[in-house]
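Me: I would like to learn how to read a structure like this one, feature by feature. Where do we start?

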Amino acid sequence: MTLLRTGGDAINSGAACPSGYSSKTFIWGTGSDQVDCSTKFPNADSTYSSGNCITTFLYPATEIMQDDKGNDNGLCESGEECLHNPNSGAYAGHGNLVDSSCDVSGIISGITLKIYESNGY
């Protein structure tokens, strides 16, 4: 039986550095070139590729909004602070956000990955 208590495996399973992180691509829509993508999707940080305006992001992580970094579109993109979010849609922890010490630079560069101070009880 797994106990839900401080330090319990079930509670802290998402607190370790991620092994299942990867990059994904989100397609904002079609475009004719980079200028068209930048005009159509000004806050998306999109790149033109094969007729589409795309963004590459770290998954499963979410951008920390209104921190004066990045574009506040919710996707964890290069150069942003993001929340380590393995339990998307469920309890994510509580307390202050602290550095996770996880290295995701091989996936997407310039991301600071944060976690909640306490993963729960």
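Reply: Start with a definition: a polar contact is a pair of N or O atoms within 3.5 Å, and within protein one must be able to donate a hydrogen and the other to accept it. Keep in mind that this is a predicted model. Here the side chain of Asn 73 makes such a contact with the side chain of Glu 77, at 3.2 Å.

Me: Where is Asn 73 found?

Reply: Asn 73 lies in the loop between strand 3 and strand 4. Leaving aside residues up to four places away in sequence, Asn 73 touches Trp 28, Asn 43, Ala 44, Glu 63 and Met 65. From Asn 73 to Thr 62 is eleven residues in sequence and 9.3 Å in space, C-alpha to C-alpha.

Me: Why does Asn 73 count as partly exposed?

Reply: Buried means under 20% relative accessible area and exposed means over 50%, with partly exposed in between. Asn 73 has a relative accessible area of 22%, so the residue is partly exposed. For the protein as a whole, 35% of the 121 residues count as buried. The accessible surface comes to about 7,100 Å², and carbon and sulfur atoms hold 49% of that.

Me: What is the order of the elements from the N terminus on?

Reply: The order is α-β-α-β-β-β-β-β-β, made up of two helices and seven strands.

Me: How do I read the pairing of strands, and which strands pair with strand 3 in the antiparallel sense?

Reply: Look for the bridges between two strands, then for the direction in which the strands run. Strand 3 (residues 52–63) is antiparallel to strand 1 (residues 22–30), with eight bridges between them. Strand 2 (residues 47–49) also pairs with strand 3 in the antiparallel sense, over three bridges. Two antiparallel bridges join strand 3 to strand 4 (residues 75–76), and three join strand 3 to strand 5 (residues 81–84).

Residue partners show the detail. Cys 53 is the bridge partner of Gly 29 and also of Tyr 48. Thr 62 is paired with Leu 75 in strand 4 and with Leu 83 in strand 5. In the hairpin of strand 2 and strand 3, two residues lie between the strands, and Ser 50 takes a positive phi near 50 degrees.

Me: Which strand runs parallel to strand 5?

Reply: That is strand 7 (residues 112–118), joined to strand 5 by three bridges. Cys 82 has Leu 113 as its bridge partner there. Strand 7 is also joined to strand 6 (residues 94–99), by four bridges in the antiparallel sense, and Asp 99 stands opposite Lys 114.

Me: How many disulfides does a search of the whole structure find, and how should I read them?

Reply: A disulfide is a covalent bond between the sulfur atoms of two cysteines. The search finds two. Cys 37 and Cys 53 form a disulfide with their sulfur atoms 2.1 Å apart. This pair links distant parts of the chain, with Cys 37 in helix 2 (residues 34–40) and Cys 53 in strand 3, 16 residues apart. The torsion about its S-S bond is about -85 degrees, so this disulfide is left-handed.

Cys 76 is joined to Cys 82, S to S 2.1 Å. That link is right-handed, with 100 degrees about the S-S bond.

Me: Are Cys 37 and Cys 76 buried or exposed?

Reply: Cys 37 is buried, at a relative accessible area of 0%, and Cys 76 is buried at 0% too.

How values were computed:
Residues are numbered from 1 along each chain as its sequence is written. This is a predicted model: local features need pLDDT of at least 70, side-chain atom pairs count only at pLDDT 80 or more; totals for chains, interfaces and linings use all residues. Side-chain values use heavy atoms; hydrogens and water are left out. Two strands pair if DSSP finds at least two bridges between them. Buried means under 20% relative accessible area, exposed over 50%, partly exposed in between (1.4 Å probe, protein chains only). Accessible areas come from the Shrake-Rupley method with a 1.4 Å probe; for residues, only the protein chains shown count as cover. Contact means heavy atoms within 4.5 Å. A disulfide is a pair of cysteine sulfur atoms within 2.5 Å.
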